[in-house]
Amino acid sequence: MRTQAAEIVGLGMVTPVGLTAPAVAAALRAGIVRVRESSFADRHSEPILAGFLNDEFLPELNLPRKTWPRPSARHARMLRLASSALQEAAHGTSKPALLLALPEDDAGLGVEFLEQLAHQSGVELDIRGSRLFPQGRAGGLLALAEAQRRLASTPQELVLVGGVDTYCDLPLLDVMWEQQRLRVHGLSDGFVPGEGASFMLLGRPGRGQRLGLSPVASVLGVGAGIEKGHLYATEPHLGEGLSDAFRELFSSLAGPSPRVRCVYAGLNGESFWSKEWGVAYLRHSQYFEEGFRFEHPIDCMGDPGAALGPLLVSLAAIGLQRGYRDAPCLIWCSSDREARGAALVDAVRRQETR
């Protein structure tokens with residue numbers, strides 16, 4: 001199915017390396033690392049390496065208890081992480097729908113979380129038109145695909161896509177330690193837990209300019225796949241899901257695909273994901289320019305979970321806009337369970353000259 005390009009006209013980010021989209025992009029480009037020993041300890045009483053924000057950099061939780069019961073500590077932190085990033089991306093737009101990626105283990109979160117986020121951020125959202133994607137790292141790319149479909153087939157002219165997540169939660173870290181997934185003393189094949197929030201405002205081509213918003217980049221297409229042999233499955237891990245996402249992405253493009261010149265990868269330090277990337281790349285190597293650039297920002301800030309997809313797309317968009325990344329950029333993310341996603345982001349100038 002051919003898809004129409006969508007323009008990114010607003011960005012917002014909060015991560016351990018920066019509190020705005022420009023600051024995050026600049027810090028990662030400079031190679032600034034914000035991974036350090038946290039206040040959490042593993043079962044050997046060793047401090048856990050993590051990429052967590054100091055509490056003073058997050059706004060206080062501001063929810064009236066008469067309206068909602070107090071959320072869990074993890075959900076409260078997610079609301080605090082997301083509020084300023086959502087404000088930054090929304091640009092004061094009137095009641096946009098939000099397609100929001102959340103952790104895979106938070107499938108029980110519902111409309112109440114969106115209502116709380118709207119109140120905490122001061123951004124009025126179209127709650128009925130919004131949707132949650134509790135699919136972890138790949139969830140933001142699945143949300144991006146839904147945004148493209150809505151912009152192409154409904155009267156909606158602007159849609160927000162985002163993701164928020166945190167591993168700054170003792171019960172969750174304990175589970176990750178039990179599963180031997182954390183990068184701790186004596187275990188190199190593990191990941192550094194992180195946190196963050198990232199949001200994008202997308203519109204139909206030209207719509208942003210009519211609203212006085214400068215387009216940052218164009219999303220040419222998105223692909224999704226299902227990995228049967230995922231991290232928690234009993235079936236063999238063959239890497240089919242990410243390869244299927246690549247195939248769907250490239251087949252969805254309108255016209256010949258330009259060769260990929262930069263990749264923003266969802267690698268987090270666990271070797272499990274390298275096999276998927278290898279399979280997907282080898283099966284689609286004809287779409288890649290020789291000597292393409294390869295970026296994996298998690299090394300600098302820890303794994304931000306469900307925020308990763310929108311974060312990588314946003315970083316690619318800023319790099320293209322400012323001219324230090326070559327177009328087009330391919331972004332891919334794999335979730336712990338079956339969801340896989342890939343997106344192709346292009347410079348606006350290329351879209352205008354076709």
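**Figure 1. Lining of the largest cavity.** Gln4, Ala5, Ala6, Gln148, Leu151, Ala152, Arg204 and Pro205 line the largest cavity of this predicted model, a cavity being, on a 1 Å grid over the protein atoms alone, a set of points where a 1.4 Å probe fits but cannot get out, with lining residues having an atom within 4 Å of a point. About 40 Å³ of space lies in this cavity, where grid points are joined across faces, edges and corners and a volume is the space filled by probe spheres set on the points. Helix α4 (residues 139-153) gives the most to the lining, with three residues; helices (H or I, at least four residues) and strands (E, at least two) are DSSP runs, numbered from the N terminus. By class, the lining has five nonpolar, two polar and one charged residues, with Ala, Val, Leu, Ile, Met, Phe, Trp, Tyr, Cys and Pro counted as nonpolar, Asp, Glu, Lys and Arg as charged, and the others, Gly among them, as polar.

The model is predicted, and local features need pLDDT of at least 70, side-chain atom pairs count only at pLDDT 80 or more, and totals for chains, interfaces and linings use all residues. Residues are numbered from 1 along each chain as its sequence is written, and side-chain values use heavy atoms, with hydrogens and water left out.

**Figure 2. The largest pocket.** About 310 Å³ of space lies in the largest pocket, a pocket being an open set of points with protein on both sides within 12 Å along at least five of seven lines. Of the 18 residues that line this pocket, Glu104, Asp105, Leu172, Met176 and Asp336 lie nearest its centre. Helix α5 (residues 170-178) supplies the largest share of the lining, three residues, and the lining as a whole divides into seven nonpolar, three polar and eight charged residues.

**Figure 3. Packing of helices α1 and α10.** Helix α1 (residues 21-29) packs against helix α10 (residues 308-322) at an angle of about 80°, with the axes 10 Å apart; axes are lines fitted to C-alpha atoms, for helices over the stretch in contact, and angles run from 0 to 180 degrees between N-to-C directions. That angle makes α1 roughly perpendicular to α10, a term covering 65 to 115 degrees. Ala21, Pro22, Val24, Ala25 and Leu28 in α1 meet Leu311, Leu315, Ile318 and Arg322 in α10, contact meaning heavy atoms within 4.5 Å.

**Figure 4. A cis peptide bond.** Alanine 327 and proline 328 are joined by a cis peptide bond with omega of about -5°, and proline 328 is found in the loop between α10 and β11 (329-334).

Technical notes
Angles under 35 degrees count as roughly parallel, over 145 as roughly antiparallel, 65 to 115 as roughly perpendicular and the rest as oblique.
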